[in-house]
Amino acid sequence: MLLRTREIVMNDPLSDGIENTIDIFLLSQSESSAPLVTEHLEQKGYRVTPFSDVNHLFETLRFGKPNILICDSLSLGDEAFGFCRQIK
């Protein structure tokens, strides 16, 4: 189940090199809080990509890394902590 998707444009070859936008990956399976967190961060000017699946996030990390990665341990439980240990 994906909460919301958008095209990921990290390391865009057409970038002018003056990237002022902060990319945030949000890993959460909460259908109620993830959209609210995403909306709040986007209103503050961040570019948020939500993920509800750890494997999809791992695959995406192969192509580029965000400035910030937020893991929701309440909705993911031990899976969130395991994920954090693996990427560390």
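Tutor: Helices (H or I, at least four residues) and strands (E, at least two) are DSSP runs, numbered from the N terminus. This is a predicted model, in which local features need pLDDT of at least 70 and side-chain atom pairs count only at pLDDT 80 or more, while totals for chains, interfaces and linings use all residues. Residues are numbered from 1 along each chain as its sequence is written, and side-chain values use heavy atoms, with hydrogens and water left out.

Student: How many helices and strands does the protein chain have?
Tutor: The protein chain has 4 helices and 3 strands. Their pattern along the sequence is β-α-β-α-β-α-α.

Student: Which strands pair with strand 1?
Tutor: Two strands pair if DSSP finds at least two bridges between them. Strand 1 pairs with strand 2 (residues 47–51) in the parallel sense over 5 bridges. Strand 1 also pairs in the parallel sense with strand 3 (residues 68–71), over 4 bridges.

Student: And which residue of strand 2 is opposite leucine 27?
Tutor: Phenylalanine 51 is opposite leucine 27. On the strand 3 side, isoleucine 68 is the bridge partner of isoleucine 24.

Student: Is strand 1 buried or exposed?
Tutor: Buried means under 20% relative accessible area, exposed over 50%, and partly exposed in between (1.4 Å probe, protein chains only). Strand 1 (residues 23–27) has 5 of its 5 residues buried, so it is largely enclosed by the rest of the structure.

Student: Which way do the residues of strand 1 point?
Tutor: Asp23, Phe25 and Leu27 point one way, whereas Ile24 and Leu26 point the other way. In a regular strand the side chains alternate between the two faces of the sheet.

Student: New topic: which residues of helix 4 are buried?
Tutor: In helix 4 (residues 78–87), the buried residues are Ala80, Gly82 and Phe83. They cover an arc of only 165° around the axis (taken from the directions from the helix axis to the C-beta atoms), which puts them on the same side of helix 4.

Student: What do the buried residues of helix 4 pack against?
Tutor: They pack against strand 1, helix 2 (54–61), strand 3 and helix 3 (73–76); contact means heavy atoms within 4.5 Å.

Student: Then what is on the face turned away from the buried side?
Tutor: That face of helix 4 carries Asp78 and Arg85, which are exposed.

Student: Lastly, what percentage of the protein chain is buried?
Tutor: Of the 88 residues in the protein chain, 31% are buried.
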